[in-house]
Amino acid sequence: MKNNKRYACVLAALVLAAVSAVAQEGRIITNSKLLGIGATNILDTYLSPEKYNGTELRYISHTFREHEGKRLYREIIHQGNVAYADNRSGNGNELAGMYNFQYGWHYRLLSLEDDRLTLGVGGNIDANLGFIYNTRNSNNPAQARLYLNITPVIEAAYRFRIKNSPHTLRYELSVPLLGVMFSPNYGQSYYEIFSQGNYDHNVVPTWIGNAPSLRQLLTFDFTLWNTTFRIGYLGDFQQAKVNGLRSHVYTHSLVVGVTKRFQLIKMRP
């Protein structure tokens with residue numbers, strides 16, 4: 001019996017040693033799933049000169065993929081939102097929806113006190129597809145929102161403990177720098193564009209001068225019941241002035257959700 005136990009211990013040690021020998025690198029994945037609710041302000045002068053105010057609901061999936069010991073990492077974001085808004089007179093409504101996808105590479109510039117404080121910079125490909133529908137309009141009731149940006153990003157995170165419970169305070173700011181946007185020209189109908197094929201500068205180059213926009217996300221992570229929860233503030237301010245038309249969607253949201261962090265080990269002989 002003693003010999004069997006001894007052989008089992010030796011075998012377990014050999015297995016652990018073999019695993020350690022072939023485990024060359026680890027990939028760390030951090031994913032947050034968030035729901036947001038907040039106030040939105042919508043303007044699109046193609047549909048109406050009025051500003052519409054209402055409520056927005058949003059879902060966000062936010063992922064970081066990094067390799068252990070390396071400064072370069074990836075960010076992947078999926079988010080979708082729907083909004084319902086009224087004008088000042090209360091006699092008109094607008095419905096809006098948007099899907100946003102971001103993918104980018106970031107570099108960790110600074111890492112202090114065993115990763116307690118980190119600072120990263122990078123850039124994302126920022127794709128957006130959505131619509132605004134005005135219930136009052138019989139002619140040209142809807143506006144498509146389609147634009148693609150190159151978006152620099154800066155982020156900072158501070159990790160600390162309170163009574164042995166881990167917490168993280170994190171801030172991310174992204175500002176679109178260059179891109180392209182679809183837009184009708186002033187006075188041009190969608191019928192002219194798609195049925196008659198009358199192109200009139202409908203794919204417009206954008207930059208920080210004619211489409212000054214930004215997104216910012218401030219979050220706080222805390223652990224409760226062996227689960228990491230996230231709560232925070234999202235400010236999303238998208239605007240443009242192209243083809244004689246002005247548009248903006250400004251949103252302030254409270255976001256809540258959960259964060260999971262896990263490691264994948266790549267085995268190589």
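This report walks through the spaces, cores, ring pairs and one loop of a predicted model.

Residues are numbered from 1 along each chain as its sequence is written. Because the model is predicted, local features need pLDDT of at least 70 and side-chain atom pairs count only at pLDDT 80 or more, while totals for chains, interfaces and linings use all residues; side-chain values use heavy atoms, with hydrogens and water left out.

Let's start with the holes. On a 1 Å grid over the protein atoms alone, a cavity is a set of points where a 1.4 Å probe fits but cannot get out; a pocket is an open set with protein on both sides within 12 Å along at least five of seven lines, and lining residues have an atom within 4 Å of a point. Volumes are the space filled by probe spheres set on the points, which are joined across faces, edges and corners. There are 4 cavities of 30 Å³ or more.

How is the lining of the largest cavity made up by class? It has 12 nonpolar, 9 polar and 3 charged residues. Here Ala, Val, Leu, Ile, Met, Phe, Trp, Tyr, Cys and Pro count as nonpolar, Asp, Glu, Lys and Arg as charged, and the others, Gly among them, as polar.

| Space | Volume | Lining residues | Nearest the centre |
|---|---|---|---|
| Largest cavity | about 280 Å³ | 24 residues | Arg-145, Tyr-147, Met-181, Ala-240, Ser-247 |
| Largest pocket | about 1,000 Å³ | 39 residues | Thr-30, Asp-115, Arg-159, Thr-168, Arg-261 |

Strand 6 (142-162) gives the most to the cavity lining, with 6 residues. Strand 6 also gives the most to the pocket lining, again with 6 residues. Strands here are DSSP runs (E, at least two residues) and helices are runs of H or I (at least four), numbered from the N terminus. The pocket lining has 9 nonpolar, 13 polar and 17 charged residues.

**Nonpolar cores**

A nonpolar core is a set of buried Ala, Val, Leu, Ile, Met, Phe, Trp, Tyr and Cys residues joined through side-chain atoms within 4.5 Å. Buried means under 20% relative accessible area, exposed over 50%, and partly exposed in between (1.4 Å probe, protein chains only).

Which members of the largest core touch the most others? Of its 13 residues, they are Ile-42, Tyr-46, Ala-96 and Ile-132. Strand 3 (72-86), helix 2 (190-195) and strand 12 each give two or more residues to this core. A second, separate core of 7 residues includes Met-98, Tyr-147, Ala-211 and Ala-240.

**Aromatic rings**

Rings of Phe, Tyr and Trp (its six-membered ring) pair if their centres lie within 6.5 Å; planes under 30 degrees apart count as stacked, over 60 as edge-to-face and the rest as tilted. The structure holds 10 such pairs. Phe-220 and Phe-222 are a stacked one, 5.9 Å centre to centre with 25° between the planes. Both are partly exposed: Phe-220 has a relative accessible area of 26%, and Phe-222 has 24%.

**A loop with positive phi**

Most residues other than glycine have a negative phi. Lys-163 has a positive phi near 55°, and Asn-164 has a positive one near 65°. Are they buried or exposed? Lys-163 is exposed at 81% relative accessible area, and Asn-164 is exposed at 67%.
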